[in-house]
Amino acid sequence: MDLFDRLKELRDKGLAEIDKAESEEKLNDVRVKLVGRKGELTEILHSMKDVAPENRREIGQRVNKLRDLFNDKLDDAKTEIVKALVEERLEKEKIDVTLPGRENHIGSEHPINIILDDLEKYFIGMGYQVVQGPEIETDHYCFEMMNLPKDHPARDMQATFYVDPEDLLRSQTSGDQARVLEKHDFSKGPLKMVGPGKVYRRDDDDATHSHQFMQMEGLVIDKNVTMGDLKGTLELLTRHIFGEDRETRLRPSYFPFTEPSVEMDVSCFNCDGKGCAICKYTGWIEVLGAGMVHPNVLENAGIDSSVYGGFAFGVGLDRFAILKYGIDDIRDFYTNDVRFLEQFRKEER
Ligand code: PHE
């Protein structure tokens, strides 16, 4: 067979193979076989030495033409294959944009956290620092430093969960006071701090009592701090949370770490002070304890109580939230029913 015939045959065979190749890999094999360095066209060029000299030019031209033809066809075939692949994927991944979207469940902030964030901002704005004490507190900070030595009868009010004889789930955030007092450098200015966090008490749970709740401790120590400062602070605080209209009252009370001591009540949101089951028919709900810091607490922390003094308070954040949002059962805070929590979405507040 002469080279003209071989070229013609290669042309027909090559075009048919290009047609048949239906994947990119197969097409590539065909490309190597036809126009590659060791491919069939190259082979034909190599056999030119056997061709009569007057035909060499002609054969050379035909080889080049055929190579161009193959290359064009190979490129076209590749474009076709890629296009088909894309179409197949588009078909497979087709989405119906008219279908309703999946509902996106966005959580809502817990009402106690809403109050907590609000109060932190409020106190930071008044120059207080925010501290965080440990939830498992030592007997030393929770009680002894706070003027409650072992066997002090007032410990009964705060019977709680001991981890071992010296460590307990703290019954109050007041230990934060002692921790901060020990460290504060009064040459740099007065001490103003709030310390929010969880506390625990052995308690019979009911609508207004829970064995776990949130407190926010507050402490201000400087020279010449008076009970008037405490009253003003508490009044501004309750006004900030409950508005101007809700009534508050201070009652004398007892805490081992303050002298004198008070408790603050807010008029019941439910009966407006008339008396109902929620306020145990008193018309009031207790929200915080406070008082002038006992000299022993200052002395225990190495502070001269004849120079420095001040006030402390411990806010029940759950009670604040109950009163602010009209929640009739403190246990709702801890059972985590989404229907309860959803009511505190930002847009619904
Ligand atoms: N720690 C007290 C309590 O849990 C509250 C309190 C704090 C009272 C600070 C006075 C001063 O009841």
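Colleague: Which residue forms a salt bridge with arginine 6?

Modeller: Glutamate 43 does, and the closest N and O atoms are 3.6 Å apart. Arginine 6 sits in helix α1 (residues 3–20) and glutamate 43 in helix α3 (residues 40–46), so the pair links distant parts of the chain, 37 residues apart. A salt bridge here is a side-chain nitrogen of Lys or Arg within 4 Å of a carboxyl oxygen of Asp or Glu. Helices (H or I, at least four residues) and strands (E, at least two) are DSSP runs, numbered from the N terminus. This is a predicted model: local features need pLDDT of at least 70, side-chain atom pairs count only at pLDDT 80 or more, and totals for chains, interfaces and linings use all residues. Residues are numbered from 1 along each chain as its sequence is written, and side-chain values use heavy atoms, with hydrogens and water left out.

Colleague: How accessible are arginine 6 and glutamate 43?

Modeller: Arginine 6 is partly exposed, with a relative accessible area of 30%. Glutamate 43 is partly exposed at 46%. Buried means under 20% relative accessible area, exposed means over 50%, and partly exposed is in between (1.4 Å probe, protein chains only).

Colleague: How many salt bridges does the structure hold?

Modeller: It holds 25 salt bridges. One of them joins the side chains of glutamate 144 and lysine 150, at 3.0 Å from N to O. Glutamate 144 has a relative accessible area of 32%, and lysine 150 has 41%, so both count as partly exposed. Asp139, Glu144, Lys150, Arg155 and Glu166 are linked in a network of salt bridges.

Colleague: And which residue does arginine 249 meet in a salt bridge?

Modeller: Aspartate 265, at 2.8 Å from N to O. Arginine 249 lies in strand β7 and aspartate 265 in strand β8, so the pair ties together parts that are 16 residues apart in sequence.

Colleague: Is aspartate 265 buried or exposed?

Modeller: Aspartate 265 is buried, with a relative accessible area of 2%. Arginine 249 is partly exposed at 32%.

Colleague: What joins β7 to β8?

Modeller: Seven bridges join strand β7 (residues 248–255) to β8, and the two run antiparallel. They form a hairpin with two residues between them. Serine 253 stands opposite serine 261 in β8. Two strands pair if DSSP finds at least two bridges between them.

Colleague: Which other strand does β8 pair with?

Modeller: Strand β9 (residues 284–293), in the antiparallel sense over eight bridges. Valine 266 stands opposite isoleucine 285 in β9. Strand β8 (residues 258–267) is mostly covered, with eight of its ten residues buried.

Colleague: Change of topic. What is the strand order in the open sheet of three?

Modeller: The order is β2-β4-β3, with antiparallel pairing. The edge strands are β2 (136–138) and β3 (162–164), each pairing on one side only. Three bridges join β2 to strand β4 (residues 167–169). Isoleucine 136 has leucine 169 in β4 as its bridge partner.

Colleague: How many residues of helix α10 are buried?

Modeller: Seven of the nine in α10 (residues 317–325), so the helix is mostly covered. The buried residues include Asp318, Arg319 and Phe320. Just after α10, glycine 326 takes a positive phi of about 65°.
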